[in-house]
Amino acid sequence: MGTVTSEPIVHLTSNTLARIHVAGEVDEVFASTEEGLRGRIVESIRQLAASAGEPVTAIVVDGDVRWPLIVHPDGAFIEATALAEHADGEPAPAPHPVRTGEVPVLAEAAAAAVAGAVAEVPASVEEPAPVEEPARVEVPASVEAPVTASVAEPVPAPVAAQLEPAAAPAGHLRSDLSRSDIARRESAHRDPAQRATPTVEDLLNSRADRTKPRATEGWQGAVRRATGGAISPRPGKAEQSRLDRERTVQRRLDASRTIVVLNPKGGAHKTTSTLLLAATFGTQRGGATLAWDNNETRGTLGWRAQNAPHHRTAVDLLEHLDQFTEPSQASLAALDTYVRTQVDARFDVLASDEDAAASSTIDAAAFDRLHGVLSRYYRLLIVDTGNNMRASNWVAAVAAADQLVIVSTVREDTAASAAWLLDGLREKGFDAKIDDAVTILAAPSAKPDRKLAERLERHFSQVTGDVVHVPFDPALVDGGPIDFDALSPESRDAWLTAAAAIAERL
């Protein structure tokens with residue numbers, strides 16, 4: 001049986017990011033939600049406990065407050081926020097109840113005593129009448145059966161109240177119990193003859209509990225393949241980072257979302273960004289993604305997409321839009337005659353008008369009609385915009401956006417155009433959308449100006465929510481239809497990062 005050489009320290013840096021310090025090494029844990037972060041932290045400590053063959057006590061640090069987190073090799077854990085104290089050793093001003101995970105309350109109290117995490121009841125809690133202190137019960141790590149009331153005297157009522165689950169404050173790890181969790185806990189204390197039989201939900205939950213990430217890259221993946229899975233290390237940091245970003249991109253959406261790509265200067269990488277984001281979301285999410293060219297006259301999105309068996313555009317769809325407003329007539333198959341399916345990348349393209357002799361334009365009213373119908377068919381609408389920020393359909397797209405993406409190459413002129421755009425949008429009252437926007441800085445060559453890139457990142461990180469750099473890729477140079485399979489691994493990874501930054505805000 002091994003031992004943990006040093007006590008893990010978990011630093012909560014935000015609701016979605018934590019750093020775990022163990023034996024001089026630092027492991028970053030990232031999740032898209034606070035609940036997901038809690039699960040990842042517990043799993044990291046559980047693996048240490050499994051290696052040691054005994055419970056491991058980690059110290060969770062949130063600002064100047066810290067408290068113990070005890071995790072067993074089987075994944076059961078105790079988060080003793082009731083023992084929270086400041087870094088200087090003083091008790092926190094408002095201690096919170098002990099939070100537990102899949103361990104009966106009395107067993108948790110005994111395990112906490114073994115781990116040395118039991119503290120005095122806060123002075124604000126009324127003390128019960130003095131009673132003879134029961135003998136300390138040693139609980140071996142291998143014992144899985146819950147400790148029942150016959151093992152120790154009942155916990156005094158005020159102390160028991162400290163052990164009841166309660167809502168944890170924002171920023172603290174939580175272990176909220178589902179109804180099935182509560183049912184299992186109550187069932188564990190009943191007479192065996194009256195204990196409830198497992199349900200299909202229990203079966204499915206047990207399957208999910210056994211799901212572990214399998215390494216496919218690096219030496220970890222080589223070891224797993226060489227041993228036929230008998231030895232299956234955790235994914236390395238690079239692969240785990242990719243898996244985390246993929247899960248963020250794949251997160252469930254409760255309604256259709258609209259992403260609008262902006263820069264009023266031509267050649268700023270807008271169309272390329274729209275297609276590559278659509279390809280990333282499409283391949284990761286399995287379709288239901290539309291790349292839409294919202295130029296008031298002509299754009300090039302249709303030209304950069306893969307060939308389709310027709311040349312219909314947004315103007316043609318607008319003329320027949322009424323048939324898609326009637327549920328009895330509307331169908332996704334009928335919509336296929338107006339959009340251009342990108343089979344390999346699993347997304348569709350709605351091109352702008354390509355008739356050089358046409359005089360029709362798309363205005364704000366036309367955009368709103370199209371947007372209302374297309375939102376019924378697609379989970380994600382990624383909108384490429386024109387260069388005229390005064391056009392009514394351009395303004396309508398920004399107003400309809402759930403997420404803005406500001407695109408610029410690492411050049412003075414394109415970056416200045418993007419900065420000018422942001423100033424104008426703030427004057428129009430779109431401050432909140434700008435504050436949460438994602439900026440993509442694309443390298444215009446294999447050797448971009450590093451100092452300029454750093455200067456642009458400093459500026460846009462102060463005026464938008466996030467900045468992502470994407471590398472130069474020779475596969476995008478010729479200006480023709482984009483071959484997504486020809487993209488370099490570095491490009492794919494960078495666009496996955498960009499898509500995750502966007503998805504995190506949807």
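Axes are lines fitted to C-alpha atoms, for helices over the stretch in contact, and angles run from 0 to 180 degrees between N-to-C directions. The model is predicted: local features need pLDDT of at least 70 and side-chain atom pairs count only at pLDDT 80 or more, while totals for chains, interfaces and linings use all residues. Residues are numbered from 1 along each chain as its sequence is written, and side-chain values use heavy atoms, with hydrogens and water left out.

Two strands pair if DSSP finds at least two bridges between them. Strands β10 (residues 289–294) and β12 (residues 347–350) run parallel and are joined by 3 bridges; A291 stands opposite V349 in β12.

Next come the nonpolar cores, sets of buried Ala, Val, Leu, Ile, Met, Phe, Trp, Tyr and Cys residues joined through side-chain atoms within 4.5 Å. Buried means under 20% relative accessible area, exposed over 50%, and partly exposed in between (1.4 Å probe, protein chains only). The largest core has 50 residues, of which L262, L317, L374, L404, L425 and F460 touch the most other members. Helix α14 (residues 412–427) gives the most to this core, with 6 residues. A second, separate core of 39 residues includes V349, V438, I482 and A501.

Helix α14 also meets helix α16 (residues 450–463): their axes come within 11 Å and cross at roughly 10 degrees. The two helices are therefore roughly parallel to each other, a term for angles under 35 degrees. Their contact (heavy atoms within 4.5 Å) involves residues including A415 and L422 of α14 and L456 and F460 of α16.

Finally, two backbone angles deserve a look. A23, in the loop between β2 (17–22) and β3 (25–30), has a positive phi of about 50 degrees although it is not a glycine. At 54% relative accessibility, A23 counts as exposed.

Methods. Helix = DSSP H or I, 4+ residues; strand = E, 2+ residues; numbered from the N terminus. Parallel < 35°, antiparallel > 145°, perpendicular 65-115°, else oblique.
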